[in-house]
Amino acid sequence: MVEFRILGALNLLGAGGRELTSVLAQPKRVALLAYLAAATPRRLHRRDSLVALFWPELDQEHARAALRQALHGLRHALGDGVLVTRGDEDIGLDQQQIRCDVVEFEGAAEAGRLADALDLYRGDLLEGFFIRGAPAFEQWLEDERARLKAVALRGASALAQQSDARGGLGESAQWTRRALRIAPLDEPTLRRLMQTLDRLGDRAGALEAYDAFAHRLTTELEAEPAPETRALVGAVRARVATLSQNATELAPLETVATASAPVPRRSRRRWLGPAAAAVGLAVVVAAVTRQPRAPVPLNAKRVLVVPFTNRTGDSTLDLVGNLAADWITRGLDLTGVLELADPGAMVLGGRTVSANRAGQNAHEDTDARALALASGSGLAVWGSMYLRDDGIEFHAQITDEVRGRILHTLDPVLGDPREPRPALTLLRERIMAALAAAVDSRLGALASSAGTPPRYDAYLAFSAGVEIFYGGRRARDALPYFQRAAALDSTYALPLIWAAWAHAGTALDQCDSTAAIAEHLTAMRLTSLEQMQIDRVMARCRGDLAGAYALGSRLVEAVPRSELMWEQHAVDALDLNRPREAVTILERLHPDSGALSGRAGYYNWLTNAYHLLGEHDRELDVAERARQQFPRNLATLRMELVALAALGRGREVNERFDEIDALPPDPIRLPAPVMRETALDLAAHGDTAAARAALDRTLAWLASRPAAEQATEYLRFERALTHYAAGHADSARAIVAALALAHPRNERYAGLLGALAAQRGDRTEAARIDRVLVAVERPLGRGQATYWRACIAALLGERNTAVDLLARALDAGYVYQVRFLNAHVEPSFAALRTYPRFRELLRPKG
């Protein structure tokens with residue numbers, strides 16, 4: 001089939017893919033073919049009309065002779081069947097024999113496939129093309145250029161509006177930039193772009209867009225922007241002058257670690273998600289004491305690898321583009337030569353590299369440029385995939401964002417969609433060789449030593465597990481996918497690393513399994529980033545939280561742009577009883593966009609940190625923001641309830657319990673513990689009446705569950721804990737004694753039984769259970785048995801012993817909930833709350 005491209009750069013390819021230079025060298029023949037292909041309505045054309053259009057200066061005989069000669073040349077070049085006739089007078093094209101981008105562009109736009117249409121719109125119709133002596137054709141060409149440009153402009157504007165409606169401000173900005181490239185002097189489009197960038201917090205970008213537009217308007221039309229545009233830029237400049245900018249780089253580690261000054265109280269506000277961003281204040285107002293700073297210059301040694309855009313038309317191949325980016329990223333990390341802007345799923349808690357990018361229909365160069373600027377990357381690797389016969393063809397480019405130029409365009413790489421690994425290996429080697437020539441020669445020597453990509457079916461299983469773990473926080477459900485990925489490809493390390501992390505989390509608390517995986521990983525070649533993360537997971541399992549914190553410091557130094565990594569480091573700080581440091585880190589992040597968007601966990605850590613600091617107004621403020629963003633989430637309701645409890649608003653707490661049953665199930669936060677823990681916080685803050693009412697509500701909720709659910713081991717122990725907190729010792733003992741008999745090595749069952757014995761003054765039984773707890777302490781148990789021994793000692797009045805044991809438990813990594821927060825509300829420690837050593841132990845250290 002002949003391929004004729006007349007939108008933007010002109011090209012004409014024959015059926016075998018050969019460029020038809022004999023036609024391209026003849027402007028009249030190009031113009032005639034373009035008219036036959038693109039004129040509307042699409043039909044056969046009378047010879048009389050064609051000669052009048054193209055040879056108005058000739059008489060009829062010579063004009064018809066010129067047309068015959070032009071048609072003969074086209075037939076010879078295009079091949080049989082492309083030009084068709086009806087009788088002697090009508091001439092046209094067989095649309096089944098020639099593909100024209102104008103026809104495909106209009107068809108995609110009419111069908112609502114706007115992104116596909118814009119992919120075809122590479123510029124004006126016959127851009128820069130001109131023929132002499134054909135004024136009617138020139139008029140037709142100008143009219144068609146304007147019409148097609150209007151279609152493209154409407155499409156880009158519609159995509160921007162759709163993205164905005166979905167809350168995708170970054171994608172909306174990209175489509176609006178595309179609209180402005182289509183119509184560079186369209187002022188309403190400029191204003192929409194400035195408003196979108198302002199809402200994103202990119203006020204520098206909004207001002208740059210205005211300055212470029214104003215310069216062009218002055219140069220080309222000797223005019224100035226409209227009053228409403230000047231008013232808009234004045235408002236943006238006023239915000240830049242008076243508000244702190246969004247941080248484009250996080251502070252160095254030592255700045256974060258040593259920041260201990262009180263944070264000024266922020267005014268209470270409603271959080272309205274995307275709607276609030278319209279005033280451009282949401283993220284800025286939420287930040288703590290951010291000093292105004294100039295935008296950080298692009299780092300010439302930082303590289304961003306953007307997922308390859310799927311242009312095959314087959315959505316089942318989307319993940320091939322993700323795999324390509326993941327594998328290139330991993331190869332670069334193995335070299336240690338360049339800094340990675342986005343390590344994707346190599347950051348535990350992150351997703352495959354496409355998760356935080358614009359949609360697959362984005363325009364590649366715009367997408368890569370915007371993402372590189374946002375991440376401070378001086379280099380960007382990006383590209384697309386196309387179908388070629390039965391294979392996938394990868395097209396890749398490397399851009400130098402510092403100088404704003406294409407550094408290298410790679411030759412296409414053809415691969416098999418069923419087994420893309422050889423093609424991906426070759427693609428990565430070529431990219432690393434190109435980077436070696438331009439940046440650092442060491443990359444070329446290391447390119448072939450980075451191994452081979454994982455099997456595609458293994459990558460699919462791993463990606464599914466990441467999405468389950470990331471979006472649903474369902475560690476148990478994600479594990480089979482990680483295990484399947486590792487079974488399908490025994491050389492694939494990432495699924496094992498994620499499985500180790502899942503086992504180590506408090507939802508499963510299976511550090512023995514984590515240790516077994518870590519041992520297996522010692523025989524595999526890991527990147528430095530992967531090795532540090534498995535080391536960090538194992539440090540937490542061993543209870544070496546200071547070691548985990550040190551590894552976290554190294555990780556954020558290695559990937560300073562990763563907000564996920566900074567969030568993890570804040571958790572490390574929180575576990576070391578450094579809530580002020582955790583606040584400083586977390587308040588500098590952006591939970592409503594990028595990698596942290598859609599994750600309620602961020603707000604959990606921030607509210608816990610404020611709770612430990614005793615700053616409960618701020619805690620409630622953050623909890624309300626979380627509830628605005630996640631209104632149907634039990635975890636965010638819990639944040640609000642705990643903050644209200646600390647503020648002494650017990651009646652409101654009990655009223656809000658009515659909301660619990662209306663919420664969908666949460667994979668981590670469950671109704672009974674949320675109610676009981678809130679009651680404990682009420683008691684710890686002196687509201688005993690509200691605490692008792694809350695515990696009664698909890699017991700009533702437990703009693704309302706179906707009999708089969710009440711009989712589960714989990715709910716039986718939860719009921720025992722609630723009875724214990726409510727002072728119903730006999731009821732608690734009856735339940736937990738049966739559980740401990742059935743599970744004699746369970747630290748929690750034995751611990752509660754020992755606490756009940758100590759509470760009633762049975763020192764003999766309490767001492768026996770203390771010995772049991774010593775015996776069942778697990779090497780990777782993270783101090784849980786020792787914690788219960790501290791509870792027993794406290795209830796026996798042995799305050800020094802209790803504090804010593806609690807300190808040992810905390811040093812061993814006791815991480816149930818947030819460890820210091822749990823000790824703060826533990827009913828067994830009620831008598832210790834005024835004891836100086838206990839208070840000093842729990843006092844925030846940073």
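This is a short tour of a predicted model, stop by stop. Residues are numbered from 1 along each chain as its sequence is written, and side-chain values use heavy atoms, with hydrogens and water left out. Because the model is predicted, local features need pLDDT of at least 70 and side-chain atom pairs count only at pLDDT 80 or more, while totals for chains, interfaces and linings use all residues.

**Stop 1: the sheet**

Strands (E, at least two residues) and helices (H or I, at least four) are DSSP runs, numbered from the N terminus. These three strands form an open sheet in the order 2-1-6, with mixed pairing; two strands pair if DSSP finds at least two bridges between them. On average, neighbouring strands here are turned by 10° against each other, direction ignored.

To see a bridge pair, pick Glu-3 and its partner in strand 2, Leu-13.

Now show residues 27-38, helix 2, which lies across strands 1, 2 and 6 at about 100° to strand 1. Axes are lines fitted to C-alpha atoms, for helices over the stretch in contact, and angles run from 0 to 180 degrees between N-to-C directions.

**Stop 2: the cores**

Next, select Ile-6, Leu-32, Phe-54, Phe-105, Leu-125, Leu-126 and Phe-137, the residues with the most contacts inside the largest nonpolar core, which has 64 residues. Such a core is a set of buried Ala, Val, Leu, Ile, Met, Phe, Trp, Tyr and Cys residues joined through side-chain atoms within 4.5 Å. Buried means under 20% relative accessible area, exposed over 50%, and partly exposed in between (1.4 Å probe, protein chains only). Helix 7 (residues 135-165) gives the largest share of this core, ten residues.

Centre on Leu-126: leaving out residues up to four places away in sequence, Leu-126 touches Ile-6, Leu-10, Val-30, Ala-34, Phe-137, Leu-141 and Arg-145. Contact means heavy atoms within 4.5 Å.

Another core, of 60 residues, lies apart from the largest one; Leu-332, Phe-482, Ala-486 and Trp-498 are among its members.

**Stop 3: the disulfide**

Finally, select Cys-511 and Cys-541, joined by a disulfide with S to S 2.0 Å; the term covers a pair of cysteine sulfur atoms within 2.5 Å. The structure holds one disulfide. The torsion about its S-S bond is about -80°, so the disulfide is left-handed. Both cysteines are buried.
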